[in-house]
Amino acid sequence: MTALLEMRAITKEFPGVKALDRVTLEVKAGEIHAVCGENGAGKSTLMKVLSGVYPAGSYDGEIYYEGKLAEFRNIRDSEDRGIIIIHQELALVPQLSIAENIFLGNEAAKGGVIDWHETSHRTEALLRKVGLRESPATLVDNIGVGKQQLVEIAKALSKNVKLLILDEPTAALQENDSRKLLDLMLELKAQGVTCIIITHKLSEVRYVADTVTVIRDGMSVSTKDAKAGLSENDIVRDMVGRDMSDRYPPRARATRERC
Ligand SMILES: Nc1ncnc2c1ncn2[C@@H]1O[C@H](COP(=O)(O)OP(=O)(O)OP(=O)(O)O)[C@@H](O)[C@H]1O
Ligand SMILES: [Mg+2]
């Protein structure tokens, strides 16, 4: 498989914090690529660099997408190329309907007037694709977080997504909603959508991921084939930088030595 995306030596600093230090990420076309790392490792920052939330010029390094240097100035630029990010903090407007949320900023208009019939019709088709039976007119506030995630994905599908980025999509979900979301990812993969998922849940990595990249303290640690007998312990070792059996060093002995 060829690389759809190559992020090379990405460095991103905030005042007083180097969030990313020469991070590399290579994602193959058509795969599900998991990005793992402990809290604060730099996962969300890396995805914000990729999607233009942090524009070209605000970070060092290069992004190659579909074989070309990409210098996104904003989210719109990356969306135009089919890169859609669903943030850790969901971005839906609770007081608006599902249809309004999906087409917000992207309304089907006829002569400057929003065509609600068309919008509703298209929303129904998108909701079917993500397995939701809600009416397009239902307020987002009246559906649970699991369904809200699916609405976010329906919104991504409305934009002709090629590379879908999900930042901790299951963090607030119950087990069966998580499973539905992961199964939908597998379905989208079968349709040719490439996906990056950030998750702390290693069972999910094993369930959906083809490849897993671990970042630690803003640095790339490893990229491994997730289907080649990779254990959860292997991933955790990369995430924390030592073997789990060393997680609690023999403090008692150290104390004795000091005495
Ligand atoms: N806008 C910002 N301003 C200043 N520092 C930031 C900003 N965003 C992130 N950071 C810092 O950069 C580092 C990486 O943060 P980031 O949110 O990318 O981590 P993460 O791996 O997504 O963590 P989590 O698992 O908690 O979501 C952290 O030290 C964080 O405090
Ligand atoms: Mg994060």
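Mentor: Domain bounds here come from an automatic or database domain assignment. The model is a predicted one. On that assignment, domain 1 covers 3-82 + 162-258, and domain 2 covers 92-158. Their centres, taken over C-alpha atoms, lie 28 Å apart. Domain 1 brings 11 residues to the contact, and domain 2 brings 10 residues.

Now the area. The size of an interface is often given as the accessible area lost when the parts come together. For domain 1 and domain 2, the buried area is about 820 Å². Carbon and sulfur atoms give 76% of that area. On the domain 1 side, three leucines stand out: Leu-173, Leu-181 and Leu-184. Together they supply 40% of what domain 1 buries against domain 2, more than any other three residues.

Next, the polar side of the account. The count of salt bridges between domain 1 and domain 2 is 0. The count of residue pairs in polar contact between them is 1, with both residues at pLDDT 80 or more.

Look next at the elements on the domain 1 side. Strand E9 (163-167) and helix H6 (175-190) each supply at least two residues of the side that touches domain 2. Helix H6 gives the most, with 5 residues. By residue class, the domain 1 side that touches domain 2 has 8 nonpolar residues, no polar ones and 3 charged ones.

Note on methods:
Residues are numbered from 1 along each chain as its sequence is written. Chains are lettered from A and ligands numbered from 1 in the order in which they are written. This is a predicted model: local features need pLDDT of at least 70, side-chain atom pairs count only at pLDDT 80 or more; totals for chains, interfaces and linings use all residues. Side-chain values use heavy atoms; hydrogens and water are left out. Contact means heavy atoms within 4.5 Å. Buried area is the accessible area (1.4 Å probe) that two parts lose on being put together, summed over both. A salt bridge is a side-chain nitrogen of Lys or Arg within 4 Å of a carboxyl oxygen of Asp or Glu. A polar contact is a pair of N or O atoms within 3.5 Å; within protein, one must be able to donate a hydrogen and the other to accept it, and residues adjacent in sequence count only if both atoms are side-chain atoms. Helices (H or I, at least four residues) and strands (E, at least two) are DSSP runs, numbered from the N terminus. Ala, Val, Leu, Ile, Met, Phe, Trp, Tyr, Cys and Pro count as nonpolar, Asp, Glu, Lys and Arg as charged, and the others, Gly among them, as polar.
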